[in-house]
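Below is a set of questions and answers on one structure. Please look at the sequence and the coordinates before reading on.

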Amino acid sequence: MPPDMDKSHNAPSRSPGYETRDANVGGVLNFLVTLGVVLLVTALISWGLFRYFSAHDVENTAASPFAETRQLPLGPQLQVTPREDWLKYREEQERSLGNYSWENRSTGTVRVPIELAMEILLKKGLPVQGQLAPAAAEKPAAPGATRGKKP
């Protein structure tokens with residue numbers, strides 16, 4: 001690149017390296033004043049139109065053609081407070097585990113508190129695999145069960 005390409009053709013050979021002309025302060029102030037006046041006039045016109053249209057609003061507007069249409073059902077409801085819902089659910093479950101209630105009245109099935117149910121189960125005992133349940137052990141043997149044994 002030739003050495004004279006980085007300089008403008010009309011610039012003096014000894015430039016100070018910065019802008020020597022000042023900005024036109026009067027032009028900038030005139031622009032700002034004009035802009036402020038235009039904004040103020042626009043705001044006043046908008047305010048006047050708003051007042052005019054609000055005062056002359058038609059009271060007897062025609063009913064919407066969609067006023068008699070069937071309303072669609074709401075979509076799925078979002079869970080707004082999941083933590084509170086979970087705590088409420090847990091409280092209901094704890095309450096049902098600790099109280100007496102009917103499970104099925106027609107068959108006489110009752111729900112008892114879980115602590116009492118565990119005590120009853122401990123007293124009764126659990127059947128062990130390969131053994132008969134206590135109720136089945138007390139029953140007499142069936143008549144055909146002694147076929148292979150000699151008297």
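**Contacts and surface**

Glu103 and Arg111 form a salt bridge, with their closest N and O atoms 2.8 Å apart. A salt bridge here is a side-chain nitrogen of Lys or Arg within 4 Å of a carboxyl oxygen of Asp or Glu. This is a predicted model, where local features need pLDDT of at least 70 and side-chain atom pairs count only at pLDDT 80 or more, while totals for chains, interfaces and linings use all residues. Residues are numbered from 1 along each chain as its sequence is written, and side-chain values use heavy atoms, with hydrogens and water left out.

Q: Which pattern does the protein chain follow along the sequence?
A: The protein chain has 4 helices and 2 strands. Helices (H or I, at least four residues) and strands (E, at least two) are DSSP runs numbered from the N terminus. Their order is α-α-β-β-α-α.

Q: What percentage of the residues of the protein chain count as buried?
A: Buried means under 20% relative accessible area, exposed over 50%, and partly exposed in between (1.4 Å probe, protein chains only). Among the 151 residues of the protein chain, the buried share is 1%.

Q: How far apart are the closest N and O atoms of Arg90 and Glu94?
A: Arg90 and Glu94 are 4 residues apart in helix α2, so about one helical turn separates them. Arg90 is partly exposed at 40% relative accessible area, and Glu94 is partly exposed at 45%. The salt bridge between Arg90 and Glu94 has its closest N and O atoms at 3.4 Å.

Q: Is the aromatic pair of Tyr52 and Phe53 stacked or edge-to-face?
A: Rings of Phe, Tyr and Trp (its six-membered ring) pair if their centres lie within 6.5 Å; planes under 30 degrees apart count as stacked, over 60 as edge-to-face and the rest as tilted. For Tyr52 and Phe53 the centres are 5.4 Å apart and the planes are at 65 degrees, and the pair is edge-to-face.

Q: Why is the pair of Trp86 and Tyr89 tilted?
A: Trp86 and Tyr89 are 3 residues apart in helix α2 (residues 82–98), about one helical turn. The centres of their rings are 5.6 Å apart. The pair is tilted because the planes are at 35 degrees.
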